[in-house]
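Please have the sequence and the model open while reading.

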Amino acid sequence: MSSNQPFVLRWGIISTGMIAAKFVGDILIDPSTRTVDDVVHKVVAVGSRDAIKAQEFINKFAQGDKSIKAHGTYEEVYVDKDVDAVYIGTPNTYHYQNSKDAILAKKHVLCEKPVTMNAVELKSLSTLAKENGVFFMEAMWTKFQPLSGALKKVLEDGRLGPPVSLHADLSLDFDIENLPTTHRILDPMLGGGALLDLGPYLMVWAIMTMYEHPDNKGEEPGHIATSMLRTSTTGVDASTTFVLTFNKTLQAQAILSCSITLPAVRPAGNIRFRNGNVVIHSPLYRPSAFTVEYFDKPGSGNVVDRTAKEFSYIGEGLYFQADEVARCIRDGKLESSEWGHDKSLLEMKVFDEVRI
Ligand SMILES: NC(=O)c1ccc[n+]([C@@H]2O[C@H](COP(=O)([O-])OP(=O)(O)OC[C@H]3O[C@@H](n4cnc5c(N)ncnc54)[C@H](OP(=O)(O)O)[C@@H]3O)[C@@H](O)[C@H]2O)c1
């Protein structure tokens, strides 16, 4: 293969649910539409607990491509010699076992958020992936959207100073009164509740704003405060609020909330500095824009310069994370430098503490 040909990553898809369908739809979009020419994605296998569902999924979301194999078990995907990387889109409580099985079969893994149910599971997978020499990443797609890269530049150019406060909310009304208690968002056996479903996006913003900030020097929050409201039917959390206090090097707080019984707050987030604000537009998992406001002098609150940066994507924007996976695998990396195991582990440690 000549060096100017794109690297082709061959994916095996685990499960045929809602997000797996969106992921496949996105990665099959021509990369040139997002000005990418170094990597290409190919779906070579789909695994379901039911082979008929796998074939129906291929017919519906992969244009019935006859070269894609429909497997009636996940295991057949793990051992499929044509598969380089596995995408896992099962409910939360299955992520650990599915990822473990794929890693042991020496497949690279991109696993949906939350990557595991707790920090212990994640540490074990992180070690296992390294021992088996395979790439492993949580599907934290927000981090790989161009908006996040643009925001990082604004946060780090120094004009706003260090962050002092982040208020972020991600709420989505799942109409839980009319959902069966076996639905993944309500069933504790599937890892239901607001925190595990929506909390990962709160964490990506806290991590981008505070944990990754150069002034933070990689310190984890020194204090976590939390409060939860539970559903009367299954006991999973309906609304959760938690505050991360970064008090070791930064002096900053992330005030984070999520709910499965309310619509989204607009705007979704506000990062506050002594020299201005960054307002994050909804939805928090794929913001369409952010607005930067600068004050005339530190602490005045008097905005003298306001700039909005807008972004639009073809499809859902789930392909940016897949491009990262392909580039890392091509380059022999076992972790992404953008969303490495340390960041998922911080997320898991915070969630463990929030649920105590
Ligand atoms: N990145 C995002 O934007 C995003 C959005 C929504 C959800 N997610 C994450 O993606 C995961 C799946 O969410 P989803 O909304 O796609 O769920 P879903 O529509 O219910 O699909 C889950 C799939 O997992 C498989 N599965 C295996 N064991 C299962 C069980 N015991 N019960 C139900 N399904 C089972 C099923 O596929 P087969 O029958 O084919 O085996 C099912 O279709 C969750 O971890 C969630 O947090 C991410």
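The centres of domain 1 and domain 2, taken over C-alpha atoms, are separated by 27 Å, and the domain bounds come from an automatic or database domain assignment. Domain 1 covers 7-140 + 318-339, while domain 2 covers 146-310. This is a predicted model, in which local features need pLDDT of at least 70 and side-chain atom pairs count only at pLDDT 80 or more, whereas totals for chains, interfaces and linings use all residues. Residues are numbered from 1 along each chain as its sequence is written, and side-chain values use heavy atoms, with hydrogens and water left out.

**Between the domains**

- Domain 1 and domain 2 bury about 1,100 Å² between them, 67% of it on carbon and sulfur atoms, where buried area is the accessible area (1.4 Å probe) that two parts lose on being put together, summed over both.
- Of the area that domain 1 buries against domain 2, 40% is supplied by Lys113, Met140 and Trp339, more than by any other three residues.
- One salt bridge is counted between the domains, a term that requires a side-chain nitrogen of Lys or Arg within 4 Å of a carboxyl oxygen of Asp or Glu.
- Lys113 also forms a salt bridge with Asp197, with the closest N and O atoms 3.5 Å apart.

**Around the ligand**

- A backbone N or O atom of Gly17 lies 3.2 Å from an oxygen atom of the ligand.

How values were computed: Polar contact = N/O pair within 3.5 Å; in protein donor to acceptor, adjacent residues only side chain to side chain.
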